[in-house]
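Open the model in your viewer and follow the stops below. Each stop says what to select and what is there.

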Amino acid sequence: MNFEEYAAKPILAAAGINVPESILVHDADAAATAATELGRVVVKAQVPTGKRGKAGGIQLANSADEARTHAENILGMTIATHVVEKVLVEQCSDIAREFYAAVLNDPTTKGPVVMFSTEGGMDIEEIAAETPEKLRKAAVDIRKGFSLDGARELVDGLPLDGAEEGIAETLVKLFDAYCANDAELLEVNPLVLTGDGIVIALDCKFSLDDSGIKRQQEIAPRGTPDKLTELEIRGEDLGIKYIELDGDVAVLANGAGLTMTTMDVVRHHGGNPANFCEIGGEAYTKGTEALKMVLDKPGVKSLVVNFCGAFARCDVMMEGLLNAWDELKPDLPVFYSIAGTGDEVAIKMLKDRMDMDPMPNMDAACKAAVDAAKGSAS
Amino acid sequence: MRIVRREHKVLVQGITGKQGTFWTERMQEYGTNITGGVNPKKAGTEHCGVPVYASAKDAMADGGFDATVMFIPPLGVKDAAMDAIEAGAKTIVCLTEHIPVQDVMYFMAAAKERGTSFIGPNTAGTVTLDECFLGFMPAFNDRIFKKGNVGVMSRSGSLATLMCQNIVSAGYGQTAFLGIGGDPVIGTTTRDAVEALDVFEGTEAIVMVGEIGGSMEEDAAEYVAGMDKPVIAFIAGGAAPPGKKMGHAGAIVMGDKGTYASKKKALEAAGVNVLATPSHVGDALKEVL
């Protein structure tokens, strides 16, 4: 789960990292009032995406009136599909140097990596592509943490205008904030050195590990949930992974890999999947709810059910699904592929209750569903 | 990494739970040499015919064990894994999904230091044909698993089940199956699994089941390029929209990273036959075996 700037910066502040004073507002008058209190300010759009500056979502205001005007312009603006509904009015900083700092999970080293560059302000892909020699990285053993000596070593020899110690201390605090908050990414860009020698975080991107939400209940409510459709929200409430897509062949399978593959094979045979819906793992008892959900998507013309039992038992999944089918009696062509744990019982249930046999394999089931959706059942 | 054999002693952490019990019984029936279980609250009792210990350390001190398989909820895994690593487990199979990644990185660092072979998290486990299995793959279903000469590895359990069924129905069988898990940070990588299968006795071809996200397939391609045995691959998620986690936390395309096209290109450059659908695996095996 991602946190917008206004929600991420308090996490830095709590770890002892300097951040500018700021006030979050939802209308232009409040922006003017905030500017009166803070002096020279920057008005910043709060949306869960980068590139706000390039889109015109960050403006400098020398007076309260200017702050009001900027807020009027920015509020309601659309930045990468997000409509701006709130702005952060932030005290202006005297920027002498801009740096880049981040801590993130690295699947390659299987541990956290601390990154620092003297080229702040650009995004990390640009830094890595254009000035890789200026990007310093340190792989950290999370059991031991990131020491001040480690941070000093990371920035050693870089031209930092006397801010070496301040930056090293900030990097250590950044690492501690990363650990304390189950971050998968904690990025400060730019990390600024002011004219009077203070190291201060001007922006912050924080991404909380979804698997850490359970034990981060204090901060989690401040995160920005993913934009979900009504059906996706229903799936989340039911504990079923459901992603709505724009096709007309409904897909119901167990396990992430098998469900993705079912979508791939539908596409391979010239069809368009209507959804990703999987009831593998602990969700395998939820066949009834899952079937209702995939059928509730408007415009669905056929359904492919692909069960390959391992932990998830085919018979249990089939029982749930057939119960929903009996209740709804949908007028929809459906094709099954069934294999693995509990398959014999599941196939017998299908025969007894729907007088149907599964297709010989998944390709046949997907192809039949695609043909049915196109109205040319073969 | 090491492939677990029938003579290896296996511990089950979380043996007394519903799933722990069900799968321990299945593993025992298949031939897995289960010598003990762990549940601190039921230490000193017996379950599924084996002693229950308070910790993996106690199990090691008493009868000893080589490998452990964990049926443990997400927030309990860190302690259980550290217990097993400190006890001296040679192999750990971790089935649990949704473990906080920082916990995973913590015990992964410890496992690396001790030389522990860590499989998972979020895996369905491993099968060594006609010897043993660890986890919850349907090793006992002879339409899915049959002794043969194909080594199989996968990031997904359900898709591997389908692939293994296709292999058996085409008249072939497996030497071993290694499920490595669907998380972004995992102990045994695609490359580690391919290397282990390559040198495993009886393997004459390898089937690699990958997914979009990360760069493990690309990394494995470097090793495959130098292999003599044929490798056949299927990569799931070609039809998945970018920026969405497709059920597995590791299966996500970000920008141009982890795409289907990148993986297909790297594997084909290494001489791998990348299948359009899993149903083609039988024909692909016929060409090379």
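Among contacts in chain B between residues at least 6 apart in sequence, what percentage join residues at least 24 apart? The share is 70%, where two residues are in contact if their C-beta atoms, placed from the backbone, lie within 7 Å.

This is a predicted model, in which local features need pLDDT of at least 70, side-chain atom pairs count only at pLDDT 80 or more, and totals for chains, interfaces and linings use all residues. Residues are numbered from 1 along each chain as its sequence is written, while chains are lettered from A and ligands numbered from 1 in the order in which they are written.

Helices (H or I, at least four residues) and strands (E, at least two) are DSSP runs, numbered from the N terminus. The C-alpha trace of chain B spans about 55 × 40 × 30 Å along its principal axes.

Now select chain A, which has twelve helices and 18 strands. Chain A is more spread out than a compact globule, because its radius of gyration is 27 Å, well over the 21 Å that the globule rule gives for 378 residues. Its C-alpha trace spans about 80 × 50 × 40 Å along the principal axes. In chain A, 47% of the 378 residues count as buried.

Notes:
The radius of gyration is taken over C-alpha atoms; the globule rule is 2.2 Å times the number of residues to the power 0.38. A residue is buried if 20 or more other C-beta atoms lie within 10 Å of its own, exposed if 12 or fewer, and partly exposed in between; C-beta atoms are placed from the backbone.
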